[in-house]
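Dear colleague,

Please find the structure below for your review. My notes on it follow directly after.

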Amino acid sequence: QRNATTVERTAFDLGSGLGVGASAEYHVTERVGIEGGVLYGRLDSNFKLDVNGNWEMEDAKVAVGLFSVGPNFHFTGSDSRVDVYLGPFVALASLGEGEYTPLGENHERDLDDKLALGAQLGFGFHWNPQWAVHAGIRYVDLSTDVDLEASGEKNISINPLIVTAGITYSF
């Protein structure tokens, strides 16, 4: 029961997580390609509620879908065993909803979907003309609004640094 002397504080944080993804690239020229990709992950989150000195923290996972498209600029030709590329991209981040129940109260979490810009750096080593191992790093300049019933809406920065590894196949 809230009254005029109730002191309430809340906090919401996002942490690290793991995911899985796939992408495809079409080479417009030998050194320029257009890549489209999808990534699905789950991030750690926590919600803290403090009402007049009684506090509780609850952890939950936040689902994240990232859909991206952009050009890649390859620094080596197709005849090279080593492929190094750099590319900007635009991404749509879809963030999941959920709820927390600290101190026996129900608080729904609503994260807005957002468009964001990013960049990636990748490296591939071809062991034959079709197959290669791949490693890369991607950064997404992403912030979103989180709406928690208890504290209203606030903007949070997510800015994920995504490390990728995998196997590629060239058609």
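**Strand β11 and Ala165**

Ala165 is placed in strand β11, which covers residues 161-169; helices (H or I, at least four residues) and strands (E, at least two) are DSSP runs, numbered from the N terminus. The residue is exposed, its relative accessible area being 72%. Here buried means under 20% relative accessible area, exposed over 50%, and partly exposed in between, with a 1.4 Å probe and protein chains only. Once neighbours within four places in sequence are set aside, Ala165 is in contact with His134 and Ala135, where contact means heavy atoms within 4.5 Å. Pro88 is 77 residues from Ala165 in sequence, and their C-alpha atoms are 18 Å apart in space.

**Basis and confidence**

This is a predicted model, in which local features need pLDDT of at least 70 and side-chain atom pairs count only at pLDDT 80 or more, while totals for chains, interfaces and linings use all residues. Residues are numbered from 1 along each chain as its sequence is written, and side-chain values use heavy atoms, with hydrogens and water left out.

The protein chain has an average pLDDT of 88, and 94% of the residues score at least 70; pLDDT is the predictor's confidence in each residue, from 0 to 100. Among the elements of the chain, β4 has the highest mean pLDDT (96), and strand β10 (residues 152-157) the lowest (78).

Strand β1 (residues 8-27) runs antiparallel to β2, and 18 bridges join the two. Two strands pair if DSSP finds at least two bridges between them. They form a hairpin with 4 residues between them, and His27 stands opposite Gly33 in β2.

The loop between β2 and β3 holds Asn52. This residue has a positive phi of about 50° although it is not a glycine, and it is partly exposed at a relative accessible area of 46%. Leu103, in the loop between β5 (98-100) and β6, likewise has a positive phi, of about 55°, and is not a glycine. Leu103 counts as partly exposed at 34% relative accessibility. For context, most residues other than glycine have a negative phi.

**Two buried polar residues**

Which side chains make polar contacts with that of Asn72? This residue of strand β3 is buried, with a relative accessible area of 0%. Its side chain makes a polar contact with the side chain of Glu25 at 3.3 Å, and another with the side chain of Gln120 at 2.9 Å. A polar contact is a pair of N or O atoms within 3.5 Å; within protein, one must be able to donate a hydrogen and the other to accept it, and residues adjacent in sequence count only if both atoms are side-chain atoms. Beyond four places in sequence, the residues in contact with Asn72 include Arg31, Val32, Tyr85 and Leu86.

Asp145, in strand β9 (residues 143-148), is also buried, with a relative accessible area of 17%. The side chain of Asp145 makes a polar contact with that of Asn155 at 3.0 Å. Outside four places in sequence, its contacts include Asp110, Leu111, Lys114 and Glu153.

Glu108 lies in strand β6 (residues 107-111) and is partly exposed, at 43% relative accessible area. The C-alpha atoms of Glu108 and Leu148 are separated by 6.0 Å, although these residues are 40 apart along the chain.

The whole structure contains 5 aromatic pairs. One of them, Trp127 with Trp131, is stacked, at 6.4 Å centre to centre and 10° between the planes. Rings of Phe, Tyr and Trp (its six-membered ring) pair if their centres lie within 6.5 Å; planes under 30 degrees apart count as stacked, over 60 as edge-to-face and the rest as tilted. Trp127 is partly exposed at 42% relative accessibility, and Trp131 is partly exposed at 35%.

With kind regards
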